[in-house]
Structures are given as structure tokens and as C-alpha cells.
Amino acid sequence: MTQDERWLHMWQQYMDFLHENKRRPSKYKPEERDLVNWAKHNRKLINQGKFQPSRMDKFDELKREAEKYQRVNQHQYVHNPADDEAPTLDL
């Protein structure tokens, strides 16, 4: 198996995981850690400028798909500017 074939295999595993589980792989679950490390390694290569240009389109597609499943904090606090106003005393 060549490096390109292995890369495509991991890319397909990551995409399948996203579609089956409707979430990104977790770094805290040992069975999912390989996918997390693979994506992290590819991001590092991109930042270093060593990433193969032929793989860029596929990785961009993966990033766009993963953005759909970005974690959202369910306890998000919403700031209401009306609460900042000084209370008025009705006498």
C-alpha cells in the first residue's frame, strides 16, 4: 500500500466516521484517537508548508464537512445589554 493509498484510506475513515456518528472523533476515546492524530498531523504539515498540494482539495473537503459537526456549548451564556442599564426607581 502506497502512502497516497494510506492517506486516502484514512481520509475515507474520517469521512465515514463523521457521517455515521454525526460528530467529530474525540481525543478522549482510544478507538477514535487515530483519526484525531491523523487530522492533527495533516494540519501541522499544512502550517509548515510541507503538505502535498495534490491532497489539499480532499483535506479542505474534510474540514468543511467537519465544521458541520463542530461542538456547540449547550450552556452558552447570552449577554443581554438591557441588563446593563441602571434600574429606575418609581416613587
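**Figure 1. Overall view of the predicted model.** The protein has an accessible surface of about 7800 Å², with 49% of that belonging to carbon and sulfur atoms (Shrake-Rupley method, 1.4 Å probe; for residues, only the protein chains shown count as cover). Three helices and zero strands are present (DSSP runs numbered from the N terminus: helices are H or I of at least four residues, strands E of at least two). Of the 91 residues, 25% are buried (buried: under 20% relative accessible area; exposed: over 50%; partly exposed: in between; 1.4 Å probe, protein chains only). This is a predicted model, in which local features need pLDDT of at least 70 and side-chain atom pairs count only at pLDDT 80 or more, while totals for chains, interfaces and linings use all residues. Residues are numbered from 1 along each chain as its sequence is written, and side-chain values use heavy atoms, with hydrogens and water left out.

**Figure 2. Close-up of the aromatic pair Tyr-14 and Trp-38.** The count comes to five aromatic pairs (Phe, Tyr and Trp rings, the six-membered one for Trp, with centres within 6.5 Å; stacked under 30 degrees between planes, edge-to-face over 60, the rest tilted). The ring centres of Tyr-14 and Trp-38 are 6.2 Å apart and their planes lie at 45 degrees, so this pair is tilted. Tyr-14 belongs to helix α1 (residues 3-21) and Trp-38 to helix α2, 24 residues apart. Tyr-14 is buried at 7% relative accessible area, as is Trp-38 at 11%. Ring pairs join Trp-7, Tyr-14, Trp-38, Phe-51 and Phe-59 in a cluster.

Figure 3. Asp-34 is exposed because its relative accessibility is 56%.
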